[in-house]
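Subject: Structure handover

Hello,

Here is the structure we talked about, with the sequence alongside. My notes on what was found follow below.

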Amino acid sequence: YDNFKKEVSQWIIGSRFNQLSGLDAFPRLDIINGCTQFIDNIYMQGTVQVLRNDYRYHERLGLAFVKDVGSLIPDIPLIIAMPFPQIGAPHPDMEEILDEALAKHISVHIDGAWISCCRDIHFDFNHPAIQSVGISLSKGLGLGWNRVGLRWTRKVKQDSVTIMNDFRMNNRALVMIGLHFVRKFQPDYLWNTYGDIYHTVCSDFELTPTKSIYLALRNGQPVGVSPLIRYVAEK
């Protein structure tokens, strides 16, 4: 468990294509069963709000207030994906959102499920509104079948995630497989290996590239391109 926390943290911030900073401002680091557990844990603690067009999981749960920038509800936690799934990049109003949250005493929780498959992300997590950050290995290493990652927390308090970590209840198989993959594959592996194919696919199908290798835009709407990348790579 200790090796996983140390090596995965280094793997995430070791990206040469992204500039991620500020995670060292969060004193508590826990293992999570992917960002789904990170999200579920926040829902367990009470009412939540999300932005329109965020991760569809929120829509399927049907438990969150769905809001727009400028109309966030004071004192209710906000979960926001970064990068934002609708555009495959940080939300264009991210700084405005964080400042609004700070003014309205809203704790912000960053769902970083897609960070590991992105490039050209420049972000400082040490904004005072941000209370926790979850980042998984699923997207960056094709480990959707082995959901595991890390959660950084600014204020230490007991919850389902800390209990699992403190009592060493985390699934060892998930941790061992995740550790094996980060040792075998360098940060930015997907872009280094398949970046040229991604841009070829976008060009051939007249799609607009994004910062996420799995996602492109057609007429401003997101479309998945991983099946096409796999097809070209296998040929």
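Eight salt bridges turn up when the whole structure is searched; keep in mind that this is a predicted model. One of them is between the side chains of E7 and R183, with an N to O distance of 2.8 Å. E7 sits in helix α1 (residues 2-13) and R183 in helix α6, so this pair ties together parts that lie 176 residues apart in sequence. E7 is partly exposed, because its relative accessibility is 23%.

Another links R52 to D68, whose closest N and O atoms are 3.0 Å apart. R52 belongs to the loop between β3 (49-51) and α3 (56-61), and D68 to the loop between β4 and β5, so here the tied parts are 16 residues apart in sequence. R52 counts as partly exposed at 42% relative accessibility, and D68 is partly exposed with a relative accessible area of 34%.

The side chains of R151 and D159 also form a salt bridge (2.9 Å, N to O). Both of these residues are buried. Through shared partners, salt bridges join R28, D30, R151, D159 and D166 into one network.

Next, the sheet. Seven strands make up an open sheet with mixed pairing, in the order β2-β9-β8-β6-β5-β3-β4. Its edge strands are β2 (28-32) and β4 (65-67), each of which pairs on one side only. From one strand to the next, the twist averages 25°. Within the sheet, β8 (residues 130-136) and β9 (residues 149-153) run antiparallel to each other and pair over five bridges. S132 has T153 in β9 as its bridge partner.

The peptide bond between M82 and P83 is cis, with omega at about 10°. P83 is located in the loop between β5 and α4. D188 is in the loop between α6 and α7 (189-204) and is buried, with a relative accessible area of 9%. E206 is in the loop between α7 and β10 (208-209) and counts as exposed, at 71% relative accessibility.

Two further loop residues are listed here. D93 is in the loop between β5 (78-81) and α4 (94-103) and counts as partly exposed, at 29% relative accessibility. Its C-alpha atom is 7.7 Å from that of V69, although D93 and V69 are 24 residues apart along the chain. H127 is in the loop between β7 (122-124) and β8. Is H127 buried or exposed? At 11% relative accessibility, H127 is buried, because the cut-off for that class is under 20%.

Last, the surface. I163, F167 and M169 form a nonpolar patch there, with about 320 Å² of accessible area together. F167 lies in the loop between α5 (160-166) and α6 (172-184), and at 59% relative accessibility F167 counts as exposed.

Regards

Notes:
Residues are numbered from 1 along each chain as its sequence is written. This is a predicted model: local features need pLDDT of at least 70, side-chain atom pairs count only at pLDDT 80 or more; totals for chains, interfaces and linings use all residues. Side-chain values use heavy atoms; hydrogens and water are left out. Two strands pair if DSSP finds at least two bridges between them. Helices (H or I, at least four residues) and strands (E, at least two) are DSSP runs, numbered from the N terminus. Axes are lines fitted to C-alpha atoms, for helices over the stretch in contact, and angles run from 0 to 180 degrees between N-to-C directions. Patches are made of residues with over 30% relative accessible area and no salt bridge: like charges are joined within 9 Å, nonpolar side chains (Val, Leu, Ile, Met, Phe, Trp, Tyr) within 5 Å. Accessible areas come from the Shrake-Rupley method with a 1.4 Å probe; for residues, only the protein chains shown count as cover. A salt bridge is a side-chain nitrogen of Lys or Arg within 4 Å of a carboxyl oxygen of Asp or Glu. Buried means under 20% relative accessible area, exposed over 50%, partly exposed in between (1.4 Å probe, protein chains only).
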